[in-house]
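Hi everyone, thanks for coming.

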Amino acid sequence: MKEKGQQPASGLTEPSRLYKKKILHAPPGSWHFKFKPSVCEGDMMDDSQKHRILMVSDFFYPNFGGVENHIYYLSQCLLKLGHKVVVATHAYGNRSGVRYMTGGLKVYYIPWSPFVMQNTLPTFYGLLPIIRTILIRERITVVHGHQAFSTFCHEALMHARTMGYKVVFTDHSLYGFADVGSIHMNKVLQFTLADVSQAICVSHTSKENTVLRSGLPPEKVFVVPNAVDTAIFKPAVDRPSGSEIVIVVISRLVYRKGVDLLVEVIPEVCRLHPNVRFIIGGDGPKRVRLEEMREKHSLQDRVEMLGAVQHVQVRSVLISGHIFLNSHIRSCKLWIINSEHTCRRSSREPDPGDMVHAIQKAISMLPKIDPQAMHNRMRELYNWHDVAKRTEIVYDRAFKCSNQNLLERLSRYLFCGAWAGKLFFLVMIVGFLLWQLLELWQPADDIEEVPDFTLPCSCDEEMLEKNSVK
């Protein structure tokens with residue numbers, strides 16, 4: 001169904017258009033929709049100060065993980081602040097086209113199949129036509145990319161800068177400098193961030209790591225921590241009973257998550273503490289190593305492998321344990337928990353012996369922990385509304401960056417290395433020429449702009465409140 005007098009859009013089209021929408025997470029008949037400006041009536045907001053943001057990454061729902069949650073919750077809070085937010089990612093199975101999620105969050109599932117580990121195949125210019133169409137249709141003002149090893153993110157940011165848009169990049173992970181994979185990824189990151197407007201890291205350690213890897217000036221990198229949905233992840237009413245101590249691990253079972261460390265740590269902890277049991281949730285190529293360790297040391301009754309855990313089940317797994325262990329090889333963390341993160345012990349260079357010692361210390365601290373008090377503290381320190389407001393400041397700073405001409409921008413790539421710099425320079429020149437050809441073939445004025453579409457504020461707040469209660 002089309003609006004009266006409205007012609008089909010050129011470029012990327014929404015298969016269901018505007019009235020036949022598929023809304024995710026909304027009970028049928030529970031929402032009332034209408035077209036309206038992106039702010040509630042009566043709010044005194046200057047539209048010129050509000051941003052129109054395109055979030056880009058290979059990682060988004062229905063896939064689950066830290067980056068996916070970060071993008072979703074940040075987008076919801078930015079919508080609450082009156083900004084326009086659109087997400088672009090690749091298709092997941094038969095989920096392709098345009099979808100609307102809770103709060104009216106619009107998601108473009110671009111028909112681009114993942115290549116490996118949910119990453120799309122690098123093409124340099126394959127995404128240029130469709131990204132250009134989205135930017136024009138949605139009247140985007142700033143493009144926000146997430147995760148260093150997302151090829152979708154790198155290509156989208158590259159094309160956005162070619163077209164003169166302000167771009168912001170958030171780095172969610174830590175990387176090394178010596179292995180082949182890290183060297184390759186660091187060079188790609190250096191290319192992407194050579195012309196970025198502003199960057200965000202989730203910790204000060206991450207900022208140091210990103211600055212060293214990319215050569216980005218430290219003054220262009222902001223630290224905005226992650227947050228937790230304390231309305232969902234709250235302590236259980238009763239602690240797990242009995243003398244048994246349960247240690248929970250939930251992560252992707254890949255090398256960078258420190259699975260090889262766990263293979264050495266778990267048998268030693270089980271030897272030292274006969275009353276300790278492990279619950280491991282997650283899946284990945286390193287799962288076979290954990291299963292081999294369990295067989296070798298006859299720990300089938302003390303190491304439970306859950307496989308992939310749905311997001312709605314994560315809290316249930318957490319509240320079944322006393323300690324949550326994050327064994328990331330770059331930032332090893334140990335938390336004493338009763339469904340909520342509390343006391344942390346970390347080591348910059350994780351070592352199996354250090355991790356075993358930290359676990360023993362955590363076990364001795366268990367009787368002194370008040371989960372509810374720690375939960376209240378986390379609720380104040382790490383909440384998504386604060387993250388959104390701090391990210392809003394980064395967007396404002398990005399808009400204050402001066403607009404440079406093509407030659408000034410291209411000159412930055414020559415400093416990326418003797419040979420790599422020239423290659424990056426050539427890649428950007430070709431991208432610029434392809435963009436000019438697209439402008440001739442399909443002028444921006446011929447691409448239909450979509451009307452802003454949001455929920456009425458009262459309905460939006462009611463639905464978000466219901467989701468928080470759940």
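I'll go from the whole chain to its cores, then to one helix, one hairpin and a few backbone details.

A quick word on the ground rules. This is a predicted model, where local features need pLDDT of at least 70 and side-chain atom pairs count only at pLDDT 80 or more, while totals for chains, interfaces and linings use all residues. Residues are numbered from 1 along each chain as its sequence is written, and side-chain values use heavy atoms, with hydrogens and water left out.

Let's begin with the overall picture. The chain comes to 14 helices and 18 strands, taken as DSSP runs numbered from the N terminus, with helices being H or I of at least four residues and strands E of at least two. Of the 470 residues, 55% are buried, where buried means under 20% relative accessible area, exposed over 50%, and partly exposed in between, with a 1.4 Å probe and protein chains only. Now contacts, meaning heavy atoms within 4.5 Å. Among those between residues at least 6 apart in sequence, 73% join residues at least 24 apart.

The largest one has 74 residues, and Met 55, Phe 60, Leu 105, Ile 110 and Val 143 have the most contacts inside it. Helix H1, residues 66–80, gives the most to this core, with eight residues. Apart from it lies another core of 28 residues, among them Ile 245, Leu 262, Ile 280 and Met 305. As for Met 55, leaving aside residues up to four places away in sequence, its contacts include Ile 71, Leu 74 and Leu 78, as well as Val 86, His 144 and Tyr 395.

Next, please find helix H2, residues 128–137. How many of its 10 residues are buried? Nine of them are, which leaves the helix mostly covered.

Strand S4, residues 97–101, is largely enclosed by the rest of the structure, because five of its five residues are buried. S4 and S5 run antiparallel and are joined by five bridges; two strands pair if DSSP finds at least two bridges between them. Val 98 stands opposite Tyr 108 in S5. Three residues separate the two strands of this hairpin, and Gly 103 in the turn has a positive phi of about 80°.

Now for the backbone details. Most residues other than glycine have a negative phi, and most peptide bonds are trans. Arg 139, in the loop between H2 and S8, has a positive phi near 55°. Arg 139 counts as partly exposed because its relative accessibility is 30%. Gln 147, in the loop between S8 and H3, has phi near 85°, and counts as buried because its relative accessibility is 2%. The peptide bond from Tyr 61 to Pro 62 is cis, with omega near 15°, and Pro 62 is found in the loop between S2 and H1.

Last, the cysteines. Searching the whole structure for disulfides, meaning pairs of cysteine sulfur atoms within 2.5 Å, turns up zero. Cys 153 counts as buried because its relative accessibility is 0%, and Cys 270 counts as buried at 3%.

How values were computed: A nonpolar core is a set of buried Ala, Val, Leu, Ile, Met, Phe, Trp, Tyr and Cys residues joined through side-chain atoms within 4.5 Å.
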